[in-house]
Amino acid sequence: MSPLRFITCGSAGDGKSLLLGRLRSDARQMQDDPHSAPQAAARTVGARSDQLDGTRLLDALAAEREQDLTIDVDCVHFATARRQFIAVDTPGDEQCTRKLITGASSAEMAIVVIDARQGMQPQTRRHSLLLSLIGVQHVALAVNKMDLVDCSPQVFNDIVADYGAFALSIGLPQPVAIPLCALQGDNVSRPSGRMPWYDGPTLLDHLATIEVDEEATRRAPLRFPVQAVNRSGADVHGMVGTLVGGELHVGQRLCVLPSGQTTSVARIVSADGDLQRAVAPQSITVTLNDDVDVSPGDLLCAADAPADVGQQFEVTLVWMAAEPLLRGRSYLMKIGARTVTATVLPLRYKINVQTLEHVPAETLQLNEIGVAELELDRPIAFDPYERNRDTGGFLLIDRVTQQTLGVGMIRFALRRSANVQWQPVVVDKRARQRLSGHRSGVIWLTGLSGAGKSTLANLLEQRLHAAGMRTYLLDGDNVRHGLNKDLGFDAADRVENVRRVAEVANLMVDAGVIVITAFISPFRAERRMARALLQPAEFIEVFVDAPLEVTEARDPKGLYRKARRGELRNFTGIDSPYEAPEQPELRLDTSRTTPAQAAAQLHEHLLACGMLTAL
C-alpha cells in the first residue's frame, strides 16, 4: 500500500507524543520479528499512566524525529511489514495552531487523542474544527489513559458519543474510536486483556487499513500553476511548475487564466526526458504551440474545464499572529504561485469553537477562526477549497516583515466580483491633468494630534491656490462629519477611516487634482496601502513631527486632557500607538519651526520633486 501520512492532535497532556513513540517502537519490533506481538509493553505491566513518564519511549521518539524544513513541523517516519507511515506530531497548546494547520494540510488522516479522565477539552474542539476546515478525510479517536478510569467501557462510550456528535455538527468524518493506554501499549499494536469488551482493531492495525485515494488528484480537472517561465530574450522556452490536479498530454487544448487565452501543449519535459503524458503531482516543464502571454502565477487549465476567475471572495480565515486581523487592512495573499494584495472587507463573523456559534466581530485575535470577505487588487484563477486545496488555499502575509499571519480557504467568489467590472473611459487622468495645467498627486500629512497638520495643510493649499492650481484638502475632523461619521476610534475603525480617505484621494488624483490630507493615520500599514493605490511619484508622505510633550502642551482641542482623565479612549499617543514613518519623503519638525516656515519648506520640496510641474 502507499505510505500513509497522518497527524496527531489534541490537548496538551493527553499523551500524543507518547502514543507516537509507542507506535514507532512497536512498529520497529514488528519489523524485526513480524511473527510475534510486540513485547516492549511487558516491562511496564501493572504500572499506571500517572506513575511512569514513558521516558524510554520519548527518548526513542526524539531520536527518530526529523525537522521537516519544508513544512516546519516534526515528522516521524516508521514502517511495518504492511505499510510505511509519516507521522506529524503537533503540540497541544494554543500557540501551535500554525504547526497543526501546516501538518494537516498534507495529511490523509488524523488521530485525535483524548485523555479518558478529561474528556473533550477546548483544544480538542479547536483542533477538530480545523481538521474539518482543512478537509482531512479520515479520523481515529484515541481515548488514552484508560487505565486511569479502570478501563471503564461507560467512560469510553460517553466520550465516543460526545465526540461523534461534535464531529457530525462540524462535518468531520465519523471517527473510528479505540480505547488505549499508550504507556503500556494496550490496543496500540496488541489487543488489551484489560479491555475485553472492546473487539475492534488496534490502532496500528487500523492505520494499516486506511485507504488512500491516490487517483483523486489525477481524476480532478487539470490544474498547472506556472511557477516560472524560462526565456531567452523574447523567446519562451517553457513553463515550469507542478501539476496539482488532472493529467496533461501533448496536443491538449489549454486556457491560460486569468487572461483567458487559449493554446495547446507542444512538449512536456520532466527530469527523465520528454513525456507524452504527465499526471499530478509531477513536476514538469511545458512548452506551448502558440505565442501567448504567460507569466509566473498564471494557471493552465484544460480548455473544456477551466477554473473560476474572481476578485472578491468569501473566505474562512484562521488567524495565527499576535497582532489582530483588522478589517480594511491590506495584506499580501499568496495562492499557488501568485502573490496579490488582499484587503479585508467586513468580517462577517468569528466561530466560537465551544458552541460553534457565529459571533459578530470586528477583528480576529490569535488562533481565532472567522469568515470574511476579501477584495484583491486584481483577478485570480481559483477553485473553491473543497474542490482543490492547492488552488483554493492561501496565506495572508505581512507586507513588510513577510511573516505569515494567517491561512485561508476560498469558499466562493462574490457575485459582484463577476458583475462589477472596471469601465474604461476616454477622458483619462492625463487629459484631466492637462486641463488643470499641472500634475496631480497626494501630499499625505501624518503626525500626532496637535503636531500642526491642519495648520500646515491650510497654509500649503493657500499657496497652491494662489498659484492657480486645482487643490482639495481632506482634513481628519471634516471627513468624520460625513463620509466617516459612522466610524469610531478603535484600531479597526481607524484602519477603515484611512482606507476610505485613501480611496477618495485616489479618485481625486484621477480627476487631476492635487490632494492634501491631514490625518493622524497612526498605522504604517494603512499609509503603505494609500501609497500603493497611486503611482510612485504621485504620493508624498510628510511626517509632521513634534514630540508628545510638545503636542500635549499645545492641546488646541483639549483632547489630551480628556484622554489623561480617561474620558477619551483609544487616543493616539496616550493609550493607542502611533507608528512614525520610517522613510517619509519629508520630515518637518514643527517644534522648531513656525507654521509659515514649515509650509515654505514643504512648498520647496514639492517644486523640487516635480509635483507642481506645469503641463
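The structure is a predicted model, and its protein chain has 17 helices and 30 strands. Of the 615 residues in this chain, 52% count as buried.

**The packing of H4 and H5**

- The crossing of H4 and H5 is right-handed.
- On the H4 side, the contact is made by Thr 124, Arg 125, Ser 128, Leu 129 and Ser 132, while H5 brings Tyr 163, Phe 166 and Ile 170.
- Sorted by class, the residues in the contact of H4 with H5 are four nonpolar, three polar and one charged.

**The nonpolar cores**

- The largest nonpolar core has 44 residues, and those touching the most other members are Ile 7, Ile 101, Val 112, Leu 131, Tyr 163 and Ile 369.
- Helix H5, residues 153–170, gives the most to this core, contributing six residues.

**Contacts along the chain**

- Apart from its neighbours within four places in sequence, Leu 131 is in contact with Ile 7, Cys 9, Ala 104, Ala 110, Val 112, Val 136 and Leu 172.
- Among the contacts in the protein chain with a separation of 6 or more, 73% are between residues 24 or more positions apart.

Technical notes. Residues numbered from 1 in each chain as written. Predicted model: local features only at pLDDT ≥ 70, side-chain atom pairs only at ≥ 80, totals over all residues. Heavy atoms only, no water. Core = buried A, V, L, I, M, F, W, Y, C linked by side-chain atoms within 4.5 Å. Buried < 20%, exposed > 50% of the residue type's maximum accessible area, 1.4 Å probe, protein only. Helix = DSSP H or I, 4+ residues; strand = E, 2+ residues; numbered from the N terminus. Contact = heavy atoms within 4.5 Å. Left-handed = near helix turned anticlockwise from the far one by under 90°. Nonpolar A, V, L, I, M, F, W, Y, C, P; charged D, E, K, R; others polar.
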